[in-house]
Structure formats: C-alpha cells, structure tokens
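Visitor: I have a model open and would like to go through it with someone. Can we start with the overall picture and then look at single residues?

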Amino acid sequence: QVQLVESGGGLVQPGGSLRLSCQASKSINGIYAMAWYRQQPGKQRELVASIISSGSTNYADSVKGRFTISRNHAFNTVSLVMNNLKSEDTAIYYCKAIRPGPVEYWGQGTQVTVSS
C-alpha cells in the first residue's frame, strides 16, 4: 500500500510556477514533520523544505524566497508552491513524513522539469 502520494509534477518553462502536493494515508498516525526533498540529475538527494506540526518552516538557501511549503490542519497533506522556477530546479521531488518512533515514510517521487 502506497502511504504517501505526490502529485503536481510536470514540464514548466523557466520563470514559471508549479504546485506539488503530497497526501498521506490514514494509516500514518501522529505525523509531526513533513518535508520535500529533491534529487537533481547526477546529484545526491537534498532537503528542499520542511514543516513541523507547529507550522514552523525551513528552506534550503537555493529555494528561499521562491518556494513555499504549507500543511493542512490535520497534517496529512503538504504542498510546495514553486515560483520563478529555474533550470536547476529540475529534479525528482520526494515527500517525507515522520511520526513518533521515529518512523519515516517516503513517497515515490514526482518529476519536475524546467526547460524552454
């Protein structure tokens, strides 16, 4: 059973915008942190943005001011609004959720391609 599902990826031109969403299944209880990671071609996976249950957020320097992470009240959905996209934002984007244990859950990833 897939427990985290990402959506919203696709092809966008430089300067454009895209919104990614991640939905957690009801089988994951007590999530206290969710995050977006990405893996650019030929590079290691890196943290893009994170949010905890209080609503506090953190961003990688490369996306600060351009990307916004948010969550719903139940903390079973997290979104990433990406503005002013650049070619270097091209990557597979992965959603992660953490619950007490701690136990981590990962989505299968969604491709974002920024190209003219």
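Guide: What follows is a walk through this predicted model, from the whole chain down to a few side chains.

Visitor: How many helices and strands does the protein have?

Guide: The count is 0 helices and 11 strands. Read from the N terminus, the order of elements is β-β-β-β-β-β-β-β-β-β-β.

Visitor: What are the dimensions of the C-alpha trace along its principal axes?

Guide: The spans are about 40 × 30 × 25 Å. The radius of gyration is 14 Å, which agrees with a compact globule of 116 residues, because such a globule would have a value near 13 Å.

Visitor: And what share of the residues counts as buried?

Guide: Of the 116 residues, 42% count as buried. As for contacts between residues at least 6 apart in sequence, 53% of them join residues at least 24 apart.

Visitor: On to the sheet with β1 in it. What is the strand order?

Guide: The order is β1-β3-β8-β7, in an open sheet of 4 strands with antiparallel pairing. β1 (4-7) and β7 (67-71) are at the edges with a single partner strand each, so one side of each has no neighbour in the sheet. On average, neighbouring strands here are turned by 15 degrees against each other, direction ignored.

Visitor: What holds strands of a sheet together in general?

Guide: Strands of a sheet pair through backbone hydrogen bonds, in a parallel or an antiparallel way.

Visitor: How many bridges are there between β1 and β3?

Guide: There are 4 bridges between β1 and β3 (residues 18-24), in the antiparallel sense. Within that pairing, Val5 has Gln23 of β3 as its bridge partner.

Visitor: Which residues of β1 are on its covered face, and which on the uncovered one?

Guide: Leu4 and Glu6 are on the covered face. Val5 and Ser7 are on the uncovered face.

Visitor: Now β8. Which residue stands opposite Leu20 there?

Guide: Leu80 does. β3 and β8 run antiparallel and are joined by 6 bridges. β8 also pairs with β7, again antiparallel, over 5 bridges, and Thr68 has Val81 of β8 as its bridge partner.

Visitor: What lies between β7 and β8?

Guide: The two strands form a hairpin with 5 residues between them. Phe75 is in that turn and has a positive phi of about 55 degrees.

Visitor: Why is β8 described as largely enclosed by the rest of the structure?

Guide: Because 5 of its 6 residues are buried.

Visitor: Which members of the largest nonpolar core touch the most other members?

Guide: Leu4, Met34, Trp36, Leu80, Met82 and Tyr93 do, in a core of 29 residues. At least two core residues come from each of β3, β4, β5, β7, β8 (77-82), β9 (91-99) and β11 (110-114). In soluble globular proteins, nonpolar side chains tend to be buried together.

Visitor: Back to Leu80, then. What is Leu80 in contact with, leaving aside neighbours within four places in sequence?

Guide: The list includes Leu18, Leu20, Trp36, Val48, Phe67, Ile69 and Tyr93. Arg19, Ala49 and Thr68 are also on the list.

Visitor: How far is Ala35 from Ala60 in space?

Guide: Their C-alpha atoms are 11 Å apart, with 25 residues of separation in sequence.

Visitor: Last one, Gln40. Which loop is Gln40 in?

Guide: Gln40 is in the loop between β4 (33-39) and β5 (46-52). Gln40 counts as buried because its relative accessibility is 10%.

Visitor: What lies 2.3 Å from a polar atom of the Gln40 side chain?

Guide: The backbone oxygen of Glu88. Leaving aside neighbours within four places in sequence, Gln40 is in contact with Glu46, Glu88, Thr90 and Ala91.

Methods: Residues numbered from 1 in each chain as written. Predicted model: local features only at pLDDT ≥ 70, side-chain atom pairs only at ≥ 80, totals over all residues. Heavy atoms only, no water. Pairing = 2+ DSSP bridges. Axes fitted to C-alpha atoms, helices over the stretch in contact; angles between N-to-C directions. Buried < 20%, exposed > 50% of the residue type's maximum accessible area, 1.4 Å probe, protein only. Polar contact = N/O pair within 3.5 Å; in protein donor to acceptor, adjacent residues only side chain to side chain. Contact = heavy atoms within 4.5 Å. Core = buried A, V, L, I, M, F, W, Y, C linked by side-chain atoms within 4.5 Å. Rg over C-alpha atoms; globule rule 2.2 N^0.38 Å.
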